[in-house]
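Visitor: I have a structure open here and want a quick walk through it. Can we start with how you sort residues by exposure?

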Amino acid sequence: MDSLSYKTMSVTKANADKQWVLVDAEGQTLGRLASKVAKLLRGKYKPSFTPHVDCGDNVVIINAEKINLTGNKWNDKTYIRHTGYPGGQRSLNATELFAKDPARLVEKSVKGMLPKNKLGAELFRNLKVYVGTEHGQEAQKPTAINLNELK
């Protein structure tokens, strides 16, 4: 046997290799897009993945208004919230939420696939969703990736 020594590296916030990634949501199915974006935010596609550290990429999603939902989800999928007052439960279906703000539909689906703790909240801040092709992250020079090539 060779005297090769392998060392498991644990990524820290200081030495995490974070990139800016641009994702085009045009023609994508909402859930499939959201699960791949959540994996990108988490850093699961990287060989240096560390579960307890924010080592994922910063993701910019454009064309949020061109997302697809399959089946009857436009009418049947409901988003429930509570105002905080007695009897204050309010609900919207996907069509109503999409009419208000298409970006929020994408944000909610990605947020639901992130961890429900402080790390998940920190990862969610690395996501930017825009309606249309214009985005405010030109200065970061995000690299465009094709989600269909990711597993």
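Guide: Buried means under 20% relative accessible area, exposed means over 50%, and partly exposed is what falls in between. By that cut-off Lys108 is partly exposed, because its relative accessible area is 39%. One caution before going on: this is a predicted model.

Visitor: Where is Lys108 placed?

Guide: Lys108 is in helix α4.

Visitor: And which residues form the positive surface patch?

Guide: Lys108 is one of them; the others are Arg81, Arg90, Lys100, Arg104 and Lys111. Helix α4, residues 102-111, gives the largest share of that patch, with three residues.

Visitor: Is Val106 buried or exposed?

Guide: Val106 also sits in helix α4. Val106 is buried, because its relative accessible area is 0%.

Visitor: Let's back up to the overall layout. How many helices and strands are there?

Guide: The protein has five helices and six strands. Along the sequence they follow the pattern β-α-β-α-β-β-α-α-α-β-β.

Visitor: What are the dimensions of the C-alpha trace, and what share of residues is buried?

Guide: The C-alpha trace spans about 65 × 35 × 30 Å along its principal axes. Of the 151 residues, 36% count as buried.

Visitor: Now the sheet. What is the strand order in the four-stranded one?

Guide: The order is β5-β2-β1-β6, in an open sheet with parallel pairing. At the edges stand β5 (127-129) and β6 (143-144), each with a single partner strand, so one side of each has no neighbour in the sheet.

Visitor: How many bridges pair β1 with β2?

Guide: Five bridges, in the parallel sense, between β1 (residues 20-24) and β2 (residues 58-62). In general, strands of a sheet pair through backbone hydrogen bonds, either parallel or antiparallel.

Visitor: What about β3 and β4, parallel or antiparallel?

Guide: Strand β3 (residues 78-82) and strand β4 (residues 89-93) run antiparallel and are joined by five bridges. Thr78 has Asn93 in β4 as its bridge partner, and Tyr79 stands opposite Leu92 in β4.

Visitor: What does the hairpin of β3 and β4 have between the strands?

Guide: There are six residues between the strands, and in this hairpin Gly84 takes a positive phi near 105°.

Visitor: Start with Glu122. Which side chain does it meet?

Guide: Glu122 meets Lys13 in a salt bridge, at 3.0 Å from N to O. This pair links distant parts of the chain: Glu122 is in helix α5 (residues 118-124), Lys13 is in the segment before β1, and they are 109 residues apart.

Visitor: Are those two buried or exposed?

Guide: Glu122 counts as partly exposed, because its relative accessibility is 25%. Lys13 is exposed, with a relative accessible area of 62%.

Visitor: Next one. What does Lys18 pair with?

Guide: The side chain of Lys18 meets Asp54 in a salt bridge, 2.9 Å from N to O. Lys18 lies in the segment before β1 and Asp54 in the loop between α1 (30-42) and β2, so the pair ties together parts 36 residues apart in sequence. Lys18 is partly exposed at 29% relative accessibility, whereas Asp54 counts as buried at 8%.

Visitor: And Lys46, what is its partner?

Guide: Lys46 and Asp57 meet through their side chains in a salt bridge, 2.9 Å from N to O. Lys46 and Asp57 each lie in the loop between α1 and β2, so the pair ties together parts that are eleven residues apart in sequence.

Visitor: Why does Lys46 count as buried?

Guide: Because its relative accessible area is 17%, and the cut-off for buried is under 20%.

Note on methods. Residues are numbered from 1 along each chain as its sequence is written. This is a predicted model: local features need pLDDT of at least 70, side-chain atom pairs count only at pLDDT 80 or more; totals for chains, interfaces and linings use all residues. Side-chain values use heavy atoms; hydrogens and water are left out. Patches are made of residues with over 30% relative accessible area and no salt bridge: like charges are joined within 9 Å, nonpolar side chains (Val, Leu, Ile, Met, Phe, Trp, Tyr) within 5 Å. Accessible areas come from the Shrake-Rupley method with a 1.4 Å probe; for residues, only the protein chains shown count as cover. A salt bridge is a side-chain nitrogen of Lys or Arg within 4 Å of a carboxyl oxygen of Asp or Glu. Lys and Arg count as positive and Asp and Glu as negative; His and the chain ends are not counted. The place of a charge is taken as NZ of Lys, CZ of Arg, CG of Asp or CD of Glu. Helices (H or I, at least four residues) and strands (E, at least two) are DSSP runs, numbered from the N terminus. Buried means under 20% relative accessible area, exposed over 50%, partly exposed in between (1.4 Å probe, protein chains only). Two strands pair if DSSP finds at least two bridges between them.
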